[in-house]
Amino acid sequence: MFNTVFKRLVSVYLVVILIIFAVLGVSMMKMFENYYFEKKSEALIAEGQKLNSTVIKYLNNQVTYERLGIEMESIERFLNAKIWIIDKMGYVYGVSSRSETKWIGRQLTEGDIVNVLKGNVVAKRGSYDEYFGGPVMTVGIPIFINGRVENGIFMHSPIYEIKETLNETYKIIIYSMLISMVIAVVLLYFISQKISKPIKEINEITKVIASGEFNKRVSIMSKDEIGQLAISFNHMAVELDRLEEMRKGFIADVSHELRTPLTLIKGYVKGLMDVQLSEERKEEYLDIIYKETDRLTELINNLLDLSKMESGKNMLNVEKFDINELIRRNIINYSNKLEDKDINVEANFKFDPVLVMADKESISQVISNLVDNAIKFMNNGGCLFIDTDIKEDKALISIKDTGIGISEEDLNNIWQRFYKGDKSRSRQVKGTGLGLSIVKEIIKSHNEQIWVESKAGEGTVFSFTLSLCNNE
Ligand SMILES: Nc1ncnc2c1ncn2[C@@H]1O[C@H](COP(=O)(O)OP(=O)(O)O)[C@@H](O)[C@H]1O
Ligand SMILES: [Mg+2]
């Protein structure tokens with residue numbers, strides 16, 4: 001039933017309007033009623049007081065019964081009130097109009113009569129309705145002579161006129177309620193349209209994006225929450241788009257990287273099938289095939305490492321170890337390559353040992369990737385500097401080479417997967433372009449920093465931080 005924003009808003013508003021008007025109506029009625037009765041009884045009491053002195057004169061035989069009757073009649077006309085005058089036993093002896101003479105001689109015994117004869121003024125409604133065949137309000141006033149109650153005046157005024165006033169008020173309230181409801185429904189219709197239209201739009205676009213069209217965007221300009229939702233939604237769409245592009249690019253890169261060595265292998269295998277090939281040639285071909293399969297294995301291992309790290313499955317096995325020792329061992333592993341290129345290594349450990357908390361195997365991979373790059377991009381006879389230091393509660397490791405350096409343009413891209421600087425480099429410079437991506441992922445998973453400074457032609461420094469082991 002309340003399945004749309006519009007219906008829901010309308011029902012809530014109508015209920016609110018109804019409650020407001022009901023409360024307002026009832027309290028207004030009560031106010032009117034009280035005000036009316038107060039004024040009416042004030043007027044009756046005021047006239048009653050005037051009549052009081054005439055009654056006293058009549059009792060003292062200063063005016064005639066007729067004179068009293070005339071005065072009562074004029075008050076009846078003026079205030080629309082029937083008047084009784086009673087003696088101290090409760091017998092009615094005077095009435096305001098001829099039609100009322102039937103009351104004369106009747107003894108009244110109601111509590112009010114007793115009350116008035118005790119000397120109190122009484123003002124109430126509803127008690128004498130049956131005498132007059134309709135609702136009346138009654139005011140009773142005692143008449144004192146020499147400080148004692150001798151007589152009483154009762155005035156009854158019909159209250160049908162207040163009913164009319166109240167009915168008028170009812171009408172006004174009901175009309176204003178209807179008008180407010182119509183205005184509310186119309187306004188709510190437009191407001192809910194304004195709310196639901198952009199939501200519908202976002203809904204539609206979501207379906208389109210889910211079906212694979214990542215370039216779709218929502219066009220909502222409002223500054224409210226829905227506008228903010230639209231901005232966040234578009235932001236999400238941009239990110240999805242970017243991810244999709246990356247995914248496509250990644251597949252293209254992987255395919256390309258796999259195809260090149262496979263094509264080479266295929267070509268040389270075909271060459272080997274040639275029976276006339278000399279033994280020397282065969283050996284050369286086999287060597288190339290071996291190197292290319294090696295390259296493929298490295299590529300696939302790197303890809304596996306990356307995907308493991310990105311899926312978060314690579315649980316870090318954090319332990320305490322000496323980073324200086326790990327560096328020493330890595331350099332020993334590379335001693336052949338270093339000798340081949342006649343590279344001099346200078347290790348400068350300001351503190352020894354430097355105990356850190358990290359995943360030893362991953363950090364070893366970081367160091368070997370960085371050292372490998374340094375050796376790879378250095379000419380013969382270069383120098384490799386490896387420093388460790390402690391700065392601001394962190395171990396700081398830097399690996400510096402005197403190699404070819406990295407151009408400013410390449411500096412922004414070297415962390416990307418498959419990015420290899422110097423496109424024209426020969427296939428003799430091995431590498432998958434994944435090394436630094438893996439390094440970055442490892443350092444990121446340790447919540448540490450890595451950065452690079454380099455100048456083309458002068459050399460490169462890679463530096464990274466590690467957490468120190470505190471409980472030494
Ligand atoms: N020490 C370095 N000196 C010069 N260039 C470097 C160095 N380390 C990395 N690079 C540049 O960054 C690129 C990406 O490095 P990396 O991800 O390890 O891939 P790869 O070593 O397979 O080429 C390299 O191709 C190279 O252009
Ligand atoms: Mg590398």
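Two strands are said to pair if DSSP finds at least two bridges between them, and this idea is needed for one of the close-up views of this predicted model.

**View 1. Strand 10 and its two antiparallel neighbours.** Strand 10 (residues 394–401) is joined to strand 12 by eight bridges, and these two strands run antiparallel. Eight bridges also join strand 10 to strand 9 (residues 383–391), again in an antiparallel arrangement.

**View 2. The surroundings of ligand 1.** In this view, 22 residues surround ligand 1, and the closest of them are N373, G421, G431, G435 and L436. By residue type, this shell divides into eight nonpolar, ten polar and four charged residues. Helix 10 (360–376) and helix 12 (435–445) each supply at least two residues of the shell, and helix 10 gives the most, with three residues.

**View 3. Helix 12 and what covers it.** How many of the eleven residues of helix 12 are buried? Eight of the eleven are buried, and helix 12 is therefore described as mostly covered, a residue being counted as buried if 20 or more other C-beta atoms lie within 10 Å of its own. The buried residues are G435, L436, S437, I438, V439, E441, I442 and I443, and two of these, G435 and L436, are also among the residues closest to ligand 1. The cover over the buried residues of helix 12 includes helix 7 (279–310), helix 10, strand 11 (450–455) and strand 12 (459–468). Just after helix 12 comes N447, which takes a positive phi of about 60 degrees.

**View 4. The contact between domain 2 and domain 3.** The protein is divided into domain 1 (5–163), domain 2 (225–309) and domain 3 (316–468), and the C-alpha centres of domain 2 and domain 3 lie 24 Å apart. Across this boundary, eleven residues of domain 2 are in contact with ten residues of domain 3. On the side of domain 2 that touches domain 3, helix 6 (225–273) and helix 7 each supply at least two residues, and the largest share, eight residues, comes from helix 7. The residues of this side divide into five nonpolar, one polar and five charged.

Definitions and conventions. Residues are numbered from 1 along each chain as its sequence is written. Chains are lettered from A and ligands numbered from 1 in the order in which they are written. This is a predicted model: local features need pLDDT of at least 70, side-chain atom pairs count only at pLDDT 80 or more; totals for chains, interfaces and linings use all residues. A residue is near a molecule or strand if its C-beta atom, placed from the backbone, lies within 6 Å of it. Helices (H or I, at least four residues) and strands (E, at least two) are DSSP runs, numbered from the N terminus. Ala, Val, Leu, Ile, Met, Phe, Trp, Tyr, Cys and Pro count as nonpolar, Asp, Glu, Lys and Arg as charged, and the others, Gly among them, as polar. A residue is buried if 20 or more other C-beta atoms lie within 10 Å of its own, exposed if 12 or fewer, and partly exposed in between; C-beta atoms are placed from the backbone. Two residues are in contact if their C-beta atoms, placed from the backbone, lie within 7 Å. Domain bounds come from an automatic or database domain assignment.
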